Amino acid sequence: MNDAIEFSSTVSAMTRSGILVVTIDNAPVNATSADVRSGLEKALVHAEATADVAGVVITGAGKTFIGGADIREFGKPAIEPTLPAVIEKIEKLSKPVIAALNGAALGGGLEVALACHYRVASSTAQVGLPEVKLGIVPGAGGTQRLPRLIGIPAALDLITSGRSAKTDEALSLGIIDEIAKADLVETAISAAQKLSGKQLRRTGELSIATKEAAEIERAAARILGRARGQKAPAEAVRLITSSNRPLAEGLADERATFLTLRDSREAAALRYVFFAERESSRVEGLEGIEPRPVKTIGICGLGLMGSGIAVAALAAGYMVIGLDQTAEAAEKGRERIVGLLERNLASGRLDQNGFEAQKARLSVTASDADLASCDLVIDAVFDDLDVKIDLFRRLDKVIRPDAVLATNTSYLNPDEIAAATAYPERVLGMHFFSPAHVMRLLEVVRCARTAPDVVATGLAVAKKLRKLPVVAGVTEGFIGNRIFSAYRREAEFLLEDGALPHEIDAALEDYGFPMGLFAVYDMAGLEIAWARRKRQAAARDPATRYVGIADTLCEMGRFGQKAGRGWYAYPDGKRTIDPDVTAIIEAARAQKGITPRAFPKSEIQERMLKAMAAEGEGLLAEGIAARPSDIDLVMINGYGFPAHRGGPMFARN
């Protein structure tokens, strides 16, 4: 064994058994920075020129092989050598190059591995090309080499979804050649020795397996249908489906496409969202504050929301005690939770051992006293102030003074709930989104008297639940529902001014929302919002513009899909435009003397975005939201705002 050679500050190597073992050490994720690229190039030149080196092994330090490109270099002048140039040198080296995947090989990391002549992985490795999630396509051969290795349909799936494949799937697809049963690097060294002097399998020279054109067309159509106007998935489809042309031609097209997309508004928006997620966890006043320990979570109310929260908590490893009003209700709640766990088991998201372990950590009760051992109690009972205050006063009597109390209210004032308790400093809001075991967003609401370590506890629990926490101050609807109310009002103004529900929905879906606003209303049901409007009616300023069309629909029993009619009609369950709704809208306009006019999609979109951004500015001015990017994260992750548009605050610029 020779002494280590430093090829750059992040790339070193050592010769072992005649094989140059090159290690990338660029914490935290071994990104392919300029220093890494330079070091790799020098290592390859050294290996080619050194007679007693029979092959090369490339591996990563720590738990990652290569986590992708250095995103900090995006938008800056290219620094030589480029990643495609380094990858070309790997593939063309006269000696075998083995990728020893010690962990994640993502983006440029997988592209490096694809250029190697053989790929060995640890059992914990995973591979993927997630570039579409940043509004770009692979730019160093991924769209050209992966189809040559695994075929066009499988490459379409991986590249256009941006998902990762674990080791077993990667082996079955043919992305990796071997899973190391013992020491990873020794296994890779052995592979390099066996390949030394033999004809090497260069991925770029492989022929693409022929497949039915119809199968590829169907896969491409599905992908483009899901893209909702995003450019990157469409460009990825084009590059992959044309990858049977000469490699050099495909690589040149891919690189040009990558550079064009990298400088696009779409990519800028997705990079903004990427960094916004990291920024959201930095909360003023929590520097150096430790969260309170949480092992057992109590959940009060085991309906749909409470059951979803329970499933998320069980998946995170917590003990869960569910409370409901009666033993019968508690048992029904347990059955609902177990049913959700069974669904996870059936889908493969949970194995049998995990299912049994999660079920064993669940208990239910109708007695408040059984929550005495809880470190955190989350209320998911009916969203009524008196009901919640009664619950929190009861909890005061049974749980420890240092245990945290969280309310999952959507619109009520958590300060009023906290003020009714013995220890208001331990109360905060944790606003989950339904279904709570699926939706990623969680608004952590800091009340007027919430202690810093209680806010820190809410954030820590949210992260363990695999949620994206965004801290909000107290206001009706917090961040998300307050903005939702603002753009709902604007949509109703548009109805009176001349647009129809299906026209507004079409404009929103054209912008990238998965579903239009009025279709969402019908799916959720109109009666809950109606009840809230009736409660607020007495306090409503008569001088403020109010649209009563939704009230008229509810008075007619048009509560949405479950009633067979709402903003739309649902004959045979299929959504259709209803002329009766059009007549109701026209009557409302006539009653107010409004002369309707036609609205192009662009104007509908502009008015809706302006309403969201204006409400967002108000939230920032009042200190309810800490930064514009927090507002954008809430709208993207809780309300379907298209991520590739960056959110309403980003889109206003």
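**A close look at helix H13**

Modeller: Helix H13, which covers residues 327–347, has 21 residues and reaches 30 Å from its first C-alpha to its last, close to the 30 Å expected at 1.5 Å a residue, where the expected span is 1.5 Å times one less than the number of residues. Helices (H or I, at least four residues) and strands (E, at least two) are DSSP runs, numbered from the N terminus. This is a predicted model, in which local features need pLDDT of at least 70 and side-chain atom pairs count only at pLDDT 80 or more, while totals for chains, interfaces and linings use all residues. Residues are numbered from 1 along each chain as its sequence is written, and side-chain values use heavy atoms, with hydrogens and water left out.

The buried residues of H13 are Ala330, Gly333, Ile337, Val338, Leu340, Leu341 and Asn344; buried means under 20% relative accessible area, exposed over 50%, and partly exposed in between, with a 1.4 Å probe and protein chains only. Seen down the helix axis, these buried residues fall within an arc of 150 degrees, so they line one face of H13, the arc being that of the directions from the helix axis to the C-beta atoms. On the face turned away from that buried side, H13 carries the exposed residues Glu328, Arg343 and Ala346.

What do the buried residues of H13 pack against? They pack against helix H12 (304–315), helix H14 (352–360) and strand S14 (362–365), where contact means heavy atoms within 4.5 Å. Just after H13, glycine 348 takes a positive phi of about 90 degrees.
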